[in-house]
Amino acid sequence: MELKYIILILNGLTQSAILFVLGSGLTLAFGLMRVVNLSHGAFYMLGGYLGWSVVKATGNWPLALLVGGLSIALLGFLFEKTMLGRVRGNDLPETLLTVALSMIIADVCLVFWARTAITLNVPQYLNPTITILGVTYPGFRYLMMVISILIAVSLWFILYKTNLGKAVRAGVDDRETVSALGININKIYTSVFMLSGLLAGLAGVLGGSYLQLSPGGDTTILTLSLVVIIVGGMGSLLGAVISSLILGQIMSFGLAFAPQYSYFLIFIPMALVLALRPQGLFGRQI
Amino acid sequence: MSRFRINPVKVTFYVIAAIFLILLPYYVSQYTVTTFIRIIYFGFLSLSMGFLIGQGGMISLTQTAFFGLSGYIIGIFGVERGLMFPWPDLMAIGAVAIMAFLFGMIAMGTHRIVFLMITLAFGQVCWAFAAQNTTILRGWSGIRGIRPFVIYGINFNEYQNFYWASLILFALGIFILWRISKSPFGLALNGIRENPRRMAAIGYPVYWIRVVAFLIAAVYAGLGGILAAYNTGIIMPTTIQLSRTIWVLLTVILGGASFFFGPIVGTFVAVWLDVLISGVTERYNLVLGVVFLIIVLFSPTGIIGIFDQMRNDKKFNSIINFFSPKKEKPNS
Amino acid sequence: MTKKLYLIVAIVLVSSMLMSACGVPAVAPAPAEPVAEQAAPAVAEPAPAEPAAVAEAGKIKIGMISAFTGLFSGFGEMQKQGAVLALEEANYMAGGKQIVLIMEDDQLDNEQAITKSKKLVEQDKIDILTGMVSGDEGLAVADYMKDKNIPVIPMYSASEDITMREFHPMIVRTTWTGAQSMDVFGYWLAKEKGWKKIYQIGEDYSFPWNQSGGFMRGFCRGGGEEVFSVWSPPGSTSDFSSMIASIPLDEGYDAVLYNGGGGDAVNFVKQFVELGYDKKITLIGQSNTFEKPDLDALPVDIIGSYSPHHTADDLNTPEWNAFKEAFNKRWGRNPSAASEFAYSSMRVILRAIDAVNGDVSDKAALVDAMLKVDMTDDPRGPVSLDPTFHSAIENVYIREVAKAEDGTLYNKGIWTVKNVSQFGPYDPETYLKQPIDGNTYPPQKCSDFPPVMLDAENVYEFVEFGK
């Protein structure tokens, strides 16, 4: 019986890992640019599909992770440069553009990839069955946790230890002053949006390996990432960490004890947060 | 052009448009009328969203949930409990109003993009609940067998009658909303859209004005939902899924969110576009997405905005003048 | 300037009304439409030409509604391929007339499904409606079609009520119901394998409910004791590992039944294997769980898992082989049950049109002709139709997942039961008196079953597969 709870907690952590990778990208872009990237789910899906094609062609999973992440970063770059930049500062058109992009990506995915569920094959060396203290758990899931911790640490490093990060944080606090100081805020916007795309693409490859990719999956993913950043506080990295940890456990235990309402359950913390602390656990008033 | 002066051309236009719409079932095919019915119920929905965006500056993605809620109420009380018209319909409107009031109280503390996300999340909560509740809302299966009623010997199962009833309701709805948006309340709402802090400083109850606006908009979505439920005969969670919400948002932007008639024009074009291109290609979501993209990038004011620009455009004026023999001085 | 714009739009309106009112005879309303589109208030968009809407005499129109985008688009595509293959084999001709197939995508959305049905009925004036992937979609469309006097031939949509409680005489289902194969399966597991307790994890909507209902009836009748059921929402549950970890291993369950298909099944089975449960407890599936092409995404560890269906990948009859070869040649892939069902439904339609010599004006006669079509040469085995409820009586195959020489997985038939009707061994009257299958009915404990459901005499005869 105890074994079961350990596995449930581990499952929760796995969920948290993917939720964090998803949510951190969204929250970064929001914190700086005040753009809710509603194509985040579509980015995730496209990244996963691209990764799937790479695995199918080469069998090389790390390469797939790289390609999935980088190509979405590139897409983010192009999108930001050619379209988002044109309506900069006007948050509603910005959001609408991302909606349009998500419609296009979701439909393009239907053209190029299978319409049934597909899943990325993880090579055996990345997915050994690991038994620790009598608990058997797939190694790939541990790997996912490690990857997401690495991502969290490097995001922290980028934000707090580099010049880019300083500019980003300053931009979050006060956009006008930053541009007045002569920092090229447009460049920073582009880099952050790319980073956000990179994270979505990585999440897509991870999610496509541990779960599956199927048409229509983008809206579920988008909703989950929105819940993560609403609970955690929009724009807060720490908030994304904490809220993905909480939501992961809720999803895991919800599935075990109230499976019929499992998807509904994750909205309860969101409702509580909205009612009691609308800016989110670690968000600032907007 | 004061709104108290009668403009003969405008009046003639409205009369002709009215005759055109009323006589529609006599000279077009049944499917065209069906499409107009769709335009009407989606028109209600997009009017509801457009009112909030255009007049109040609030992008609410919960409107489809209200649209679906009234359908569910009709399904539960009209089909499963067998209540007679107008009780299920009144209950539907009542339920929508209560829900909108409660939710408005929560959401109106936020503005702009945060408001958008909260309403999106709330819409998803409703969708998740509808999809997962199998005891009352019947889960994915939804509630089937919703049929229009017969009152005073008029059978609304006939598509012509249903069309006329919807049309009257729609015209009435447009008129009332038009009056609301021109009333002191509507002007206060516009003021809040531009600058909520200043309005609060002047002494307007900003929060409550927004809540009431949200409630009014929700009732419009609910009306659309009633018509949709009767027209399709079934209510399912897919009615309130995110892609529909996004589609409605598209119609609002397409027509021109800042114009009162924008949502209606947008719905008209989008529904016909849907009908026309879905017969040609499977990739209509792609086409719609591209149209959406172009509109947002190049013509944020939508179709009506394009016409507005054209009116001030010399080349276009010369085309119009070509059709009218007498040259007039531009009057505005 | 505004005045003139209004004036011009008004003139366009009036002239369009006059034109359409005078120029259009009652028989061909289609040409009026582009004019009407153009004449909309304030929008003077040039109207694109209406594609293929003009009624052409001497052609028979078949409308097909399916989910070509969205969650079930995989099934939708397979259906399309099967149906198109059947039409191409007939060269788009039947009864001396040309056949036109009009396909519409409903995106698995009820509003779209009804709208597209209306389009097919009102504008295209179709003679026959077919398609439908999911159970709910089928029920919704059948509900709308009730009074339209157009034959409806659901393909993969398996909700039993289409041909039971909501049956109307224009429906002909040459395919299956959810309970049909599962009843046999449950009975077989209890009777032949001697299993007593099953732990079921299912998707929470009508098709799995129906499959579960059939399974429970068969299982309890065969001597089982309990089918414990847990349900989760379809499409939105992605990580099943917590549900898997909650499966009690020490309470004497003989097997875990995963009652779901598509993406959910891929997730579930993958995680089941990853968590090592395949070594602890047997996994069995419903009809779609191990179906191709989703099977290709599943790990090889599930070899030996049982599931029932009306097709098996290694059917070695001349009919199946010919179909498989033709399908492979046309589409470059192996057929699945969904494509076979579409193929066979379309063949029934074509043969019925042949039988009435292309005269489809009398729809009741057309339906009669469909019921009388000889389907003994159907690829999946002989099929006949029940004259009262217009549903299929056909073979059920119990299959196990096996590995082919090229390393891919396939469903290997092991037992055949012939002539299974949608009511299984029950007589229709008793069966229809029971409540509709749901997530709370039938009861989980066999002892709570109404005795009449347990007492039905066995009609199944298990024949070794391929004999």
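Modeller: What follows goes through the loop backbone, then turns to one helix for context. The model is predicted.

Two cis peptide bonds come first. In chain B, the bond between B:Phe85 and B:Pro86 is cis, with omega about 5 degrees. B:Pro86 lies in the loop that runs between helix H4 (63-80) and helix H5 (87-107) of chain B. In chain C, C:Tyr441 and C:Pro442 are joined by a cis peptide bond with omega about -5 degrees. The loop holding C:Pro442 is the one between helix H13 (428-433) and helix H14 (451-454) of chain C.

Next come positive phi values. C:Asn91 is not a glycine, yet its phi is positive, near 60 degrees. C:Asn91 sits in the loop between helix H3 (73-89) and strand S2 (93-94) of chain C. With a relative accessible area of 59%, C:Asn91 counts as exposed. C:Met132, also a residue other than glycine, has a positive phi near 75 degrees. Its loop connects strand S4 (128-131) and helix H5 (135-145) of chain C. C:Met132 is buried, at a relative accessible area of 0%.

For context in chain B, consider helix H8 (residues 184-194). Its buried residues are B:Gly186, B:Ala188, B:Leu189, B:Asn190, B:Gly191 and B:Ile192. These buried residues pack against four helices of chain B: H3 (30-56), H7 (159-182), H9 (196-202) and H10 (206-232).

Notes: Residues numbered from 1 in each chain as written. Chains lettered and ligands numbered in written order. Predicted model: local features only at pLDDT ≥ 70, side-chain atom pairs only at ≥ 80, totals over all residues. Heavy atoms only, no water. Buried < 20%, exposed > 50% of the residue type's maximum accessible area, 1.4 Å probe, protein only. Helix = DSSP H or I, 4+ residues; strand = E, 2+ residues; numbered from the N terminus. Contact = heavy atoms within 4.5 Å.
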